[in-house]
Number of protein chains: 2
Amino acid sequence: MNSRVTLHDVAREVGVHPSTVSRALDPDRAALVKEATRSRIEEAADRLGYRPHMIARGLQTGRTLTVGVVIADLGNTFVTPIIHGLAGAIHAEGMMPVIAETQDDHIRFSQILDHMLGRRVDAVISVATRAGDRAILEDAARLVPVVIAARPLAHTTLPQVTQDDRKGGGLAAEHLADLGHRRVAQLRGPLDVENFARRAEGFSETVRRAGMTEIFVDAFGERPVIEEGGRLVRVLMEMGELPTGLFVHNDLMAVGALSVFHEEGVRVPEHVSLIGYNDLPMVGHANPPLTTVRYPGWDVGRRAGEMVHRILAGEPVENVVLEPALVVRGSTASVS
Amino acid sequence: MNSRVTLHDVAREVGVHPSTVSRALDPDRAALVKEATRSRIEEAADRLGYRPHMIARGLQTGRTLTVGVVIADLGNTFVTPIIHGLAGAIHAEGMMPVIAETQDDHIRFSQILDHMLGRRVDAVISVATRAGDRAILEDAARLVPVVIAARPLAHTTLPQVTQDDRKGGGLAAEHLADLGHRRVAQLRGPLDVENFARRAEGFSETVRRAGMTEIFVDAFGERPVIEEGGRLVRVLMEMGELPTGLFVHNDLMAVGALSVFHEEGVRVPEHVSLIGYNDLPMVGHANPPLTTVRYPGWDVGRRAGEMVHRILAGEPVENVVLEPALVVRGSTASVS
DNA sequence: CTGTTAGCGCTTTCAC
DNA sequence: GTGAAAGCGCTAACAG
């Protein structure tokens with residue numbers, strides 16, 4: 001194994017000094033080397049199968065050309081477009097994302113950040129932020145640029161790329177109002193994730209303003225996953241008369257809700273109109289296709305990636321807030 | 001920023017030599033240091049906020065404690081349990097997975113492998129292997145251990161952790177036969193992914209053996225994604241009379257198929273029974289809930305992670321083939 | 001038990 | 001245009 005070819009080997013092969021090889025092989029400094037020697041060096045490097053040792057380079061330059069990306073749950077396809085947007089922007093600058101997953105666990109979050117800082121990533125993008133993670137992130141930000149993406153963080157000056165959840169919650173309520181609903185409710189996600197807190201506020205506020213009645217469900221999902229959506233629907237059903245319109249804080253939970261409704265013989269949208277959030281690829285193919293709020297994941301990712309570069313380049317950055325949009329499908333209907 | 005504290009700083013603070021600090025802070029060699037000095041070192045390291053520089057350590061030891069994990073599509077939740085199994089096993093040994101995504105693109109596959117080798121990962125696990133990637137992987141395997149997971153690779157001696165797709169395809173056919181179906185078909189995934197080729201074989205063989213008729217659909221998904229499933233159903237519908245039983249090569253494509261059937265007024269399972277593959281978390285909540293073949297993703301991941309350690313430890317390894325299992329839900333029914 | 005010396009593979013001055 | 005020398009932060013012999 002390990003027939004590792006070094007700069008030294010190439011240099012000896014060609015009969016020049018290692019530093020000349022280093023120059024010849026770096027696009028930025030190749031011009032400093034005479035055309036003839038350079039092509040001999042390139043040929044030899046190729047022939048010997050030389051691969052630059054990024055680790056060694058990183059030690060010297062102090063940059064690893066990696067960006068740590070912290071994700072909450074890879075099983076939530078909500079993050080996929082974000083990762084794609086991120087990866088595109090990061091690759092565009094010759095850097096590489098290093099992805100890790102917290103499972104929405106605070107301890108793991110902390111360990112992962114430690115790990116990344118130890119690996120000397122050049123920057124960190126947190127797509128998994130919960131309220132309790134603030135101190136850790138601000139700590140990390142003293143060593144390396146930190147960008148908060150997707151999940152907003154309150155009471156901090158860390159740069160953020162997010163989406164207007166308050167407005168998204170409002171859109172859901174508005175849509176139900178337009179359809180003539182009077183009694184509505186929402187099934188909330190974990191409230192220490194700012195997105196859900198804001199969706200809740202935006203929804204409730206618009207509900208009030210439209211003169212609808214909100215049936216308050218005194219429970220929320222511990223994690224924004226399918227099963228929790230199902231659980232909350234059962235809580236709702238035990239409360240008595242169902243609302244005619246229901247906003248579920250994300251699509252995964254909405255799928256769980258849909259499934260339990262189906263089991264229990266509650267028809268969507270005939271008995272209750274259902275709205276999710278995120279517009280996961282799957283939910284347009286659900287039965288009925290889910291009305292939802294589109295989350296601009298790809299853009300969030302791209303902007304976060306770009307923000308990292310701007311910070312690395314020493315440019316000033318401003319927080320970015322993108323717009324959600326309602327996607328009407330078959331899971332909502334007028335009350336008859 | 002970068003108030004980077006080095007071993008040197010800690011050493012000076014305590015008044016010992018850097019190598020003593022190095023020893024004191026390494027669990028394996030801490031015993032070599034006198035209890036008193038060690039605790040003084042630990043205290044100082046803590047106080048100064050010392051973090052080991054993994055990059056520098058890697059340069060010295062030749063090990064980066066990272067395992068490159070190559071994934072085809074993070075949007076396919078099929079890979080999530082595999083990643084979890086993998087990550088668990090890898091973390092257990094103090095190593096860290098470094099995840100990258102190929103989008104099932106051969107060029108990107110090659111670039112990613114290059115990148116990983118340049119970053120000197122200690123091993124590579126490929127969960128994205130297509131037939132055309134063999135040379136690249138075997139090349140890489142000369143530098144670093146390579147393990148093939150989930151997607152088998154033919155004609156190679158590289159170690160593999162896979163699942164019996166042939167049997168899985170057989171289970172699907174058998175289930176349809178048991179339900180009394182006579183005319184069946186399959187919608188195939190990309191055939192340069194071995195899994196699909198084997199599912200196809202297993203299905204067809206059992207169909208023949210059971211005396212059923214297979215309607216051959218002369219098209220296959222370019223990529224195993226939702227849209228392709230929908231497209232193939234339209235191809236099937238244009239062929240004339242529908243089969244009563246349909247095996248779709250993965251759940252994502254099955255969801256697309258379900259959706260198009262729904263649009264076209266074809267009822268599942270009344271008109272056609274539908275079977276997918278993988279048992280994604282979502283499909284149990286589809287309408288109707290999807291009958292599918294369970295893919296033991298978590299185990300595949302775990303075994304692959306363990307295999308890496310075994311190889312790194314110089315132990316011999318043998319290929320692992322796990323068993324699929326049929327999960328019967330509401331998308332299949334007896335022909336009446 | 002601790003200090004010394006080298007050096008991992010590379011880039012980066014500074015000479016020539 | 002190229003070579004020489006130093007050093008990134010750490011670990012690994014070898015002394016003492």
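Colleague: How many residues does the contact take from chain A and from chain B?
Modeller: This is a predicted model. On chain A, the elements giving two or more residues to the side that touches chain B are α4 (54-61), α5 (79-92), β2 (96-101), α6 (106-118) and α11 (251-263). The contact takes 38 residues from chain A and 38 residues from chain B.

Colleague: How do the residues on the side of chain A that touches chain B divide into nonpolar, polar and charged?
Modeller: Tyr and Pro count as nonpolar here, and Gly counts as polar. On that basis the side of chain A that touches chain B has 19 nonpolar, 15 polar and 4 charged residues.

Colleague: What rotation superposes chain A on chain B?
Modeller: The shift along the rotation axis is 0.0 Å, and the RMSD is 0.1 Å. The relation is that of a two-fold axis. The rotation is 180°.

Colleague: Why do the copies meet through the same surface?
Modeller: The test is whether interface residues of chain A are also interface residues in chain B. The copies meet through the same surface because the share of chain A interface residues that pass is 100%.

Colleague: Which residues touch the most other members of the largest nonpolar core?
Modeller: In soluble globular proteins, nonpolar side chains tend to be buried together. The largest nonpolar core here has 167 residues, and a second, separate core of 11 residues includes B:V10, B:A11, B:A24 and B:V33. Within the largest core, the residues that touch the most other members are A:I125, A:V127, B:I125 and B:V127.

Colleague: Which residues are in contact with A:I125, leaving aside its neighbours within four places in sequence?
Modeller: Contact requires C-beta atoms within 7 Å. With the sequence neighbours left aside, the residues in contact with A:I125 are A:V67, A:V69, A:L86, A:V147, A:A149, A:A304 and A:V308.

Colleague: Which element gives the most to the surface near DNA strand C?
Modeller: There are 25 residues around DNA strand C, and A:T6, A:L7, A:S19, A:S22 and B:H17 come nearest. Elements giving two or more residues are α1 (7-14), α2 (18-25) and α4 of chain A, with α2 (18-25) and α4 (54-61) of chain B. By class, this surface has 9 nonpolar, 12 polar and 4 charged residues. The element that gives the most, with 5 residues, is α4(A).

Colleague: And which element gives the most to the surface near DNA strand D?
Modeller: Of the 25 residues around DNA strand D, those that come nearest are A:H17, B:T6, B:L7, B:S19 and B:S22. Two or more residues come from each of α2 and α4 of chain A and α1 (7-14), α2 and α4 of chain B. The surface near DNA strand D divides into 9 nonpolar, 12 polar and 4 charged residues. With 5 residues, the element that gives the most is α4(B).

Colleague: Are the residues on both faces of strand β3 of chain B buried or exposed?
Modeller: In a regular strand the side chains alternate between the two faces of the sheet. In β3 (residues 123-126) of chain B, B:A123 and B:I125 lie on one side, with B:V124 and B:S126 on the other. Both faces are covered, and the four residues are all buried.

Colleague: In which sense do β3(B) and β4 of chain B pair?
Modeller: Strand β1 (residues 66-71) of chain B is joined to β3(B) by 4 bridges and runs parallel to it; B:S126 is the bridge partner of B:V70. Between β3(B) and β4 (residues 146-149) there are 3 bridges, with B:V124 opposite B:V146. The sense of that pairing is parallel.

Colleague: Which residue does a cis peptide bond join to A:P288?
Modeller: A:P288 lies in the loop between β9 (273-275) and β10 (292-294) of chain A. Omega of the bond is about 0°, and the residue joined to A:P288 is A:N287.

Key. Residues are numbered from 1 along each chain as its sequence is written. Chains are lettered from A and ligands numbered from 1 in the order in which they are written. This is a predicted model: local features need pLDDT of at least 70, side-chain atom pairs count only at pLDDT 80 or more; totals for chains, interfaces and linings use all residues. Two residues are in contact if their C-beta atoms, placed from the backbone, lie within 7 Å. A nonpolar core is a set of buried Ala, Val, Leu, Ile, Met, Phe, Trp, Tyr and Cys residues joined through C-beta atoms within 7 Å. A residue is buried if 20 or more other C-beta atoms lie within 10 Å of its own, exposed if 12 or fewer, and partly exposed in between; C-beta atoms are placed from the backbone. A residue is near a molecule or strand if its C-beta atom, placed from the backbone, lies within 6 Å of it. Copies are superposed by least squares on the C-alpha atoms of residues with pLDDT of at least 70 in both. Two strands pair if DSSP finds at least two bridges between them.
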